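Q: I am new to this structure and would like to learn how to read it one feature at a time. Could we go through it together?

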Amino acid sequence: INAEYGVPANKGYYQFGPSGVGNVSAVPAMHGAPAFVSNPRFFDADPSYAANIRLAQCVGANNKTDDDGKAATGMCPDPSKHASTVDVEPRSGLLFAGNRHLQINVHIPPSMLLLYPQLTEMLVPVSWITESAMVTPSLAKKFRTSVY
C-alpha cells in the first residue's frame, strides 16, 4: 500500500501493492478518497489483505480457530459465491450470461493509527456489489433456431 518507492507523479494511480486489488483513488469521481476495489472477501487476492480481519461466521479452512479460540483470520472466500463468471456461446463467441462481484475497500493509513492504536494499516471492506445479466429465453430460442 505504500507508494514511497513509486514515481511521485503517479502516486494517485499506484497499483504496485500485493496482487488482487485495484486502486481507484485517482478516479475524479472519488475526490481523492482512499478507495480500492477487489473481489468480495479478497477472493484471489494476496492473503495479506485479509490477514488482520476476523469474521464471526468464518472459522477458516476446516473449521480451524486461532490459539485463543476465536475464528481464524481471513474472510473465507468461496469461489462459487465470490468469483465472477461469463457464459460464452462457443460457436459465435457471444456472451449469453455473466455476473461480476466487486468489493469496495477503504485504506486505513498510518496517520489513522494514532487515533485507533488497536488497528493496523489495512484495507477495510465497506461494500459488496453484484451485477448479473443473462439472455432471455425467447432470445436464446431465436438464436438457437437461426444458428443451429
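Q: How many aromatic pairs does a search of the whole structure find?
A: The model is predicted, and a search of the whole structure finds three aromatic pairs in it. A pair of aromatic rings is described by the distance of the centres and the angle of the planes.

Q: Which parts of the chain does the pair of phenylalanine 96 and phenylalanine 143 tie together?
A: Phenylalanine 96 belongs to strand β4 and phenylalanine 143 to helix α2 (residues 137-147), so the pair links parts that are 47 residues apart in sequence. Phenylalanine 143 also forms an edge-to-face pair with tyrosine 148, at 6.4 Å centre to centre and with 75° between the planes. Phe96, Phe143 and Tyr148 form one aromatic cluster.

Q: Are phenylalanine 143 and tyrosine 148 buried or exposed?
A: Phenylalanine 143 is buried because its relative accessible area is 14%, and buried means under 20%. Tyrosine 148, with a relative accessible area of 53%, is exposed, since that word applies over 50%.

Q: How do I read the pairing of strands, and which way do β1 and β2 run?
A: One looks at the bridges and at the direction of the strands: three bridges join strand β1 (residues 21-23) to β2, and the two run antiparallel. Within this pairing, valine 21 has serine 38 of β2 as its bridge partner. On to the next pairing, β2 is joined to strand β4 (residues 95-108) by four bridges, again in antiparallel fashion, and alanine 35 stands opposite valine 106 in β4.

Q: What does the side chain of serine 25 reach?
A: Serine 25 is placed in the loop between β1 and β2, and at 15% relative accessibility this residue counts as buried. The side chain of serine 25 reaches the backbone oxygen of alanine 33 at 3.2 Å, and also the backbone nitrogen of alanine 35 at 3.2 Å.

Q: Which residues form a nonpolar patch on the surface?
A: Val86, Val88 and Leu95 form this patch, and together they have about 290 Å² of accessible area. Valine 86 is found in strand β3 (residues 85-88) and counts as exposed at 56% relative accessibility.

Q: What separation do the C-alpha atoms of aspartate 78 and phenylalanine 43 have?
A: These two C-alpha atoms are separated by 7.4 Å, while the residues are 35 apart along the chain. Aspartate 78 is found in the loop between β2 (35-38) and α1 (79-82), and at 25% relative accessibility it counts as partly exposed.

Key. Residues are numbered from 1 along each chain as its sequence is written. This is a predicted model: local features need pLDDT of at least 70, side-chain atom pairs count only at pLDDT 80 or more; totals for chains, interfaces and linings use all residues. Side-chain values use heavy atoms; hydrogens and water are left out. Buried means under 20% relative accessible area, exposed over 50%, partly exposed in between (1.4 Å probe, protein chains only). Patches are made of residues with over 30% relative accessible area and no salt bridge: like charges are joined within 9 Å, nonpolar side chains (Val, Leu, Ile, Met, Phe, Trp, Tyr) within 5 Å. Accessible areas come from the Shrake-Rupley method with a 1.4 Å probe; for residues, only the protein chains shown count as cover. A salt bridge is a side-chain nitrogen of Lys or Arg within 4 Å of a carboxyl oxygen of Asp or Glu. Two strands pair if DSSP finds at least two bridges between them. A polar contact is a pair of N or O atoms within 3.5 Å; within protein, one must be able to donate a hydrogen and the other to accept it, and residues adjacent in sequence count only if both atoms are side-chain atoms. Rings of Phe, Tyr and Trp (its six-membered ring) pair if their centres lie within 6.5 Å; planes under 30 degrees apart count as stacked, over 60 as edge-to-face and the rest as tilted.
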